Amino acid sequence: MRIALGIAYDGRPWQGWQTQPNGRTVQDTLLNALQAFAHHPVELVCAGRTDTGVHAVGQVVHLDTPLDRRMESWVRGLNAHLPDSVAVLWAQVVAPEFHARFSAQSRTYHYVLHQSRVRSPLWAGRAGWAFRPLDIEAMRTAAQVLLGTHDFSSFRSSQCQAAHPVRTMHQLDIESRGERDQWVVLTFRANAFLHHMVRNIVGALVLIGQGRQQMDMAELLAARDRTRAAPTFAADGLYLAAAEYPREFGLPEQDADASLLPLIGC
């Protein structure tokens with residue numbers, strides 16, 4: 001049968017999701033746990049491959065297995081073999097046609113940005129840092145340009161392996177939170193994302209918020225030239241919050257926003 005799993009992880013100890021020869025990835029660690037629990041080889045497919053240092057609170061994977069156990073046993077059994085930085089949140093039997101990557105209608109990411117004159121050691125690796133004041137309204141105005149279907153070449157990594165650079169951005173919200181608005185949460189929802197796309201957009205928006213970006217967002221988008229945009233922002237504050245699927249697959253509801261609120265204490 002085919003099983004879907006909801007996964008959360010702290011990206012700091014790991015070299016991203018995708019399996020590597022050294023085994024220091026989330027996928028390798030989860031495969032080891034599955035081997036110990038299921039006692040047979042397993043192939044894993046995920047909703048979105050995250051990079052080194054990127055976190056997840058709503059990753060979804062699927063696997064095929066002949067093993068017939070209660071879904072709660074899958075959750076408890078796998079977590080018994082996983083380190084503290086990775087956890088299985090839920091398990092669900094799904095239809096054979098379900099595919100964690102291709103069945104997803106959209107993905108949601110959050111970028112958590114800490115505004116502070118001095119960096120906080122407590123948030124190292126868990127939030128991005130902006131030490132210059134940000135004009136949030138200017139960032140919001142710029143973000144609206146990116147909504148809809150566009151060629152995102154200006155925000156695409158040179159290592160990106162996607163067949164084409166066109167993506168549809170459904171949502172790009174920017175909110176100030178916490179006491180004295182020291183937190184800025186950027187929420188991105190799109191049908192799919194290019195390699196480093198979110199971090200490259202965050203870099204451009206931060207420069208716009210600081211009044212340091214030479215080209216406006218519309219010009220950057222139209223240029224289709226990665227060299228014209230800001231440097232890639234740190235992975236620290238990036239979270240895969242949710243993958244959205246058609247209701248007929250019956251997956252647990254994911255609240256992409258609520259999952260992040262305890263992290264910043266508001």
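Predicted model: local features only at pLDDT ≥ 70, side-chain atom pairs only at ≥ 80, totals over all residues.
Close-up A. Leaving aside residues up to four places away in sequence, the contacts of D51 are G16, H195, H196 and R199.

**Close-up B. The ring pair W129 and F131.** A pair of aromatic rings is described by two quantities, the distance of the centres and the angle of the planes. Eight aromatic pairs are counted, with ring centres within 6.5 Å as the criterion. How are the planes of W129 and F131 arranged? The ring centres of W129 and F131 are 5.3 Å apart and the planes stand at 45 degrees, so the pair is tilted; planes under 30 degrees apart would count as stacked and those over 60 as edge-to-face. W129 has a relative accessible area of 35% and is therefore partly exposed. F131, at 43% relative accessibility, is likewise classed as partly exposed.

**Close-up C. The aromatic cluster of F98, Y245 and F249.** The three residues F98, Y245 and F249 belong to one aromatic cluster.

**Close-up D. R69 over the ring of F37.** R69 is positioned over the face of F37. The distance from R69 to the ring centre of F37 is 4.4 Å.

**Close-up E. R126 over the ring of W123.** Here the ring belongs to W123, and R126 lies over its face. R126 is 4.4 Å from the ring centre of W123.

Notes
Residues numbered from 1 in each chain as written. Heavy atoms only, no water. Phe/Tyr/Trp six-rings, centres within 6.5 Å; stacked < 30°, edge-to-face > 60°. Buried < 20%, exposed > 50% of the residue type's maximum accessible area, 1.4 Å probe, protein only. Lys NZ or Arg CZ within 6 Å of the ring centre and 35° of its normal. Contact = heavy atoms within 4.5 Å.
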